[in-house]
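Here are my notes on the model you sent over. Have the structure open while you read, and go through them point by point.

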Amino acid sequence: MATLNSTLIGAFSQPDTFSSVFEEVSKYNVQLNIAERLWASWYLWMQNDTLATGIMSFVLHEVIYFGRCLPWMIIDRMPYFNKYKIQNQKIPTLKEQWECASLVLLSHFTVELPQIWLFHPIATYFGMDFGVPFPSLGKMAFHIAIFFVMEDTWHYWFHRALHYGPLYKMIHKLHHTYSAPFGLAAEYASPIEVMLLAFGTVGSPIIWVSLTGDLHLFTMYLWIVGRLFQAIDAHSGYDFPWSLRHFLPFWAGADHHDTHHERFIGNYASSFRWWDYMLDTESGPEAAKRRRERKMKAMKSKKAE
């Protein structure tokens with residue numbers, strides 16, 4: 001592996017079991033933490049960087065996606081939480097969740113897997129690092145914050161475009177099957193939409209590394225985990241008093257996206273509220289009230305003139 005140091009490479013021309021590789025890496029690289037040792041051992045044991053990244057990326061995506069959806073599926077079955085359900089008259093049935101999960105899983109294998117497999121060679125071509133040690137927490141947090149802003153911008157404009165008549169009917173309508181969304185529906189979409197909007201998630205880091213030459217694969221994984229949590233939680237249909245949007249007013253949250261699914265228009269951004277606010281595409285009763293007040297104020301000003 002090109003980006004692992006020569007000490008690591010030299011010790012393993014003929015790797016045996018993963019555990020034996022891990023023992024050797026740990027013996028000669030005590031300066032690495034446990035996660036870095038496991039990481040290095042995986043790549044040394046696999047002896048194929050693209051394959052190692054591809055397997056790890058796909059497994060990570062599936063475990064995080066369905067693992068994060070599971071708590072919401074359990075909550076849907078517990079009447080106590082119904083008071084926090086935004087559209088509490090619409091609880092998804094087990095049949096709906098099964099049908100949704102089946103299509104999402106099919107999409108993961110047929111649409112997302114090829115993209116995941118191509119990510120490593122493309123990203124490393126532009127300068128992505130995947131060696132050890134990992135970057136500092138500060139640098140990773142900075143990069144992830146940048147990616148959230150980049151993805152949110154991409155998502156706003158392409159999501160808004162997908163609500164244009166012909167594009168909506170041909171591409172985006174499938175995602176709006178459920179007017180009261182639930183966690184599993186986060187990636188319930190047509191293959192074209194999956195590829196278009198996924199570019200904001202995967203393409204943003206590639207654009208960043210192509211311009212700066214500074215990105216680590218581990219940072220990319222933390223970003224993907226954060227983005228999956230955001231997307232699933234936004235589709236969960238629940239707004240709790242402790243939800244993030246109550247502490248960060250610019251965070252979109254489930255209420256923002258739930259309104260979009262209920263009304264089929266407005267609230268196009270993914271993570272933040274600023275694009276919808278600045279371009280007057282907010283949806284819901286409060287946004288409608290603000291528009292009426294602005295209109296009345298404008299009419300009064302015109303009359304006064």
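**Notes on the model**

1. Before anything else, keep in mind that this is a predicted model. Leu 217 is a handy place to start looking: setting aside neighbours within four places in sequence, its contacts are Trp 39, Tyr 43, Thr 53, Phe 119, Met 128, Asp 129 and Phe 130.

2. Leu 217 turns up again in the largest nonpolar core, which has 51 residues; Leu 217, Trp 39, Tyr 65 and Cys 100 are the ones touching the most other members. Two or more residues each come from helix 2 (18-28), helix 3 (34-46), helix 4 (49-76), helix 5 (94-125), helix 6 (137-161), helix 8 (191-212) and helix 9 (217-234). Which helix gives the most to this core? That would be helix 9, with 8 residues.

3. Now for the rings. The count of aromatic pairs comes to 36. Take Phe 148 and Trp 223: their ring centres are 4.8 Å apart and the planes sit at 85°, so this is an edge-to-face pair. Since Phe 148 belongs to helix 6 and Trp 223 to helix 9, the pair ties together parts that are 75 residues apart in sequence. Both partners are buried, because the cut-off is under 20% relative accessible area: Phe 148 has 13%, and Trp 223 has 0%.

4. Tyr 156 and Tyr 268 make another edge-to-face pair, at 6.1 Å centre to centre with 75° between the planes. Here the link runs from helix 6, where Tyr 156 lies, to the loop between helix 10 (253-263) and helix 11 (274-278), which holds Tyr 268; the two are 112 residues apart. Tyr 156 is buried at 0% relative accessible area, and Tyr 268 is buried too, at 7%.

5. Phe 148 and Trp 223 also belong to one aromatic cluster, along with Phe 142, Phe 147, Trp 208, Phe 250, Trp 251, Phe 272 and Trp 274.

6. Helix 3 deserves a look of its own. At its start, a side-chain oxygen of Asn 33 comes to within 3.1 Å of the backbone nitrogen of Ala 35. Just after the helix, Gln 47 has a positive phi of about 60°.

7. Which residues of helix 3 are buried? They are Glu 36, Trp 39, Ala 40, Ser 41, Trp 42, Tyr 43, Leu 44 and Met 46. Trp 39 and Tyr 43 from that list are the ones to compare with the contacts of Leu 217.

8. If you were wondering about disulfides, the count is 0. Cys 69 is buried, with a relative accessible area of 1%, and Cys 100 is buried at 0%.

9. Last one: there is a proline, Pro 71, in helix 4. Is it buried, exposed or partly exposed? Pro 71 is partly exposed, with a relative accessible area of 32%.

Methods. Residues numbered from 1 in each chain as written. Predicted model: local features only at pLDDT ≥ 70, side-chain atom pairs only at ≥ 80, totals over all residues. Heavy atoms only, no water. Core = buried A, V, L, I, M, F, W, Y, C linked by side-chain atoms within 4.5 Å. Buried < 20%, exposed > 50% of the residue type's maximum accessible area, 1.4 Å probe, protein only. Helix = DSSP H or I, 4+ residues; strand = E, 2+ residues; numbered from the N terminus. Contact = heavy atoms within 4.5 Å. Phe/Tyr/Trp six-rings, centres within 6.5 Å; stacked < 30°, edge-to-face > 60°. Polar contact = N/O pair within 3.5 Å; in protein donor to acceptor, adjacent residues only side chain to side chain. Disulfide = S-S within 2.5 Å.
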